[in-house]
Amino acid sequence: MKTSGDTIEIAGAGPAGLAAAITLARAGRGVIVHEAQSEVGHRFKRDLQGLDNWTTRQDVLSVLHDQGITTDFRMRPCREGAAFDAWGRKYVTRSDEPFFYMVERGPGPGTLDTALLHQALYLGVQMRFNSRVRDEQGADIFATGPKKVDAIAIGYHFDTPMADGYWVICDNSLAPQGYAYLLVMGGRGTVKSCMFTGFKQKALYVWRTVSAFERLAGLKMIDPRAHGGVGNFHIPSSACCGAQVLAGEQAGFQDPLWGFGMRAAITSGVLAARSLLEGYDYDRYWRQELEALMSTALVNRTLHSRLGNHGYRWFLRRVENHSDARMLLHRHYRPSGPKRLLALLSAASKRHGALQSEFQR
Ligand SMILES: Cc1cc2nc3c(=O)[nH]c(=O)nc-3n(C[C@H](O)[C@H](O)[C@H](O)COP(=O)(O)OP(=O)(O)OC[C@H]3O[C@@H](n4cnc5c(N)ncnc54)[C@H](O)[C@@H]3O)c2cc1C
């Protein structure tokens, strides 16, 4: 399938694949993107998601601008919202700059996926829909989404008379080791239980999540449609596979703490493209940009899962008492001395485990 010459082939038209295509096309390269579905954003279809704005001090829209990626999608800057602990206590979260930007995913007008597609087409990228890349030689960049399941987010999309806003509940009985969330923008809503374990009982957790939001946030759903998806995160030893490079969730790039993956997908897509353009070592590129963030988030994930509902309550109190939730979270995601040490210990214990199983073979 792969053509010879200067044309670069990409598998997957998600944020990672399209960001790579845009970067290559801006540099004047010929690009073909193969997308297995008949449209972009097929697995999300009007899902509301948060483009996080706490991992960098620089605003994410300005980061995208610097990366050469469009911000011409509908969005809602979110500065204030409500979080609840497992005992139903409400905590108001506030930040000076947007904490995150609410965006819509899927093939419709105004979505993040459609904006990326339009930019790619404008730059001359050739799209091949209904084109599933099957063999390993089929593309230069693989950006085909999650490979396995580390977390699931499941619930409903719906229409609603509710005002725009966001609400979160941190309670293991609704979302084991994760969180439940409700997002509303422009008369449309998404309610989900985002769980990191306990998948077999997902129907029960979704039911509890909907009931809790009805009680705590006045959730009103019109014409609810079930929706869910999976998330995959790990720090790869290498994101290169022979001559190919992997980007986005296909490589494991995603926030292991709360499952925010759009920024890592876009950033890794841009870096994958740059590595091909400049002949630079991709592994070095993504390690510089993503590894420290991901390993801190992995340490945070271990701490959050161990501390349970009491740990969440402690964290929510800190968020509420802080005048700027964005900056608090920014620090939470930054590698500190103790978190670096925990990350090293965890990596060493994984290596030890791997060595032991090698010996036992
Ligand atoms: C329910 C849910 C809610 C989420 N909420 C958030 C959130 O609030 N904030 C956030 O930042 N992240 C969120 N995420 C994660 C985020 O959506 C993903 O991390 C991000 O979309 C990953 O981008 P990607 O380009 O790597 O993969 P994808 O977006 O999955 O795109 C991969 C594309 O490749 C195509 N494809 C697959 N196989 C092939 C093949 N063999 N050949 C050709 N094409 C192929 C797929 O059809 C798809 O279009 C959420 C995820 C889920 C499931």
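The points below describe a predicted model.

**Overall fold**

- The protein chain is made up of eight helices and 16 strands.
- The C-alpha trace spans about 60 × 55 × 40 Å along its principal axes.
- Buried residues make up 46% of the 361 in the protein chain.

**The six-stranded sheet**

- An open sheet is formed by six strands, with the order β8-β2-β1-β9-β16-β15 and mixed pairing.
- The edges are held by β8 (126–128) and β15 (240–241). Each has a single partner strand, so one side of each has no neighbour in the sheet.
- Strand β1 (residues 8–11) and β2 run parallel and are joined by four bridges. In this pair, E9 is opposite I32 of β2.
- Strands of a sheet in general pair through backbone hydrogen bonds, in a parallel or an antiparallel way.

**Helix α3**

- Helix α3 covers residues 112–122, and eight of its 11 residues are buried, so the helix is largely enclosed by the rest of the structure.
- The buried residues of α3 are L112, D113, T114, A115, L116, L117, Q119 and A120.
- The cover over these buried residues includes α1 (15–26), β2 (31–34) and β7 (100–104).
- After α3 comes G124, with a positive phi near 95 degrees.

- Q177 is not a glycine, yet its phi is positive, near 60 degrees. Q177 sits in the loop between β11 (165–169) and β12 (179–185).
- There are 16 other C-beta atoms within 10 Å of Q177, which is therefore partly exposed. The class of partly exposed residues lies between the cut-offs of 12 or fewer for exposed and 20 or more for buried.
- D223, also not a glycine, has a positive phi of about 50 degrees. D223 belongs to strand β14 (residues 222–231).
- D223 counts as exposed because it has 9 C-beta neighbours inside 10 Å.

**Ligand surroundings**

- The ligand has 36 residues around it, of which G14, G145, G229, G248 and G261 come nearest.
- Two or more residues of the shell around the ligand come from each of α1, β3 (48–52), β14 and α5 (262–278).
- β14 gives the largest share of that shell, four residues.
- Sorted by class, the shell around the ligand consists of 12 nonpolar, 18 polar and six charged residues.
- Domain 1 (8–72 + 103–147 + 233–293) and domain 2 (151–231) both contribute residues to the shell, so the ligand lies between them.

Definitions and conventions. Residues numbered from 1 in each chain as written. Predicted model: local features only at pLDDT ≥ 70, side-chain atom pairs only at ≥ 80, totals over all residues. Contact = placed C-beta atoms within 7 Å. Near = placed C-beta within 6 Å. Nonpolar A, V, L, I, M, F, W, Y, C, P; charged D, E, K, R; others polar. Domains from an automatic or database assignment. Pairing = 2+ DSSP bridges.
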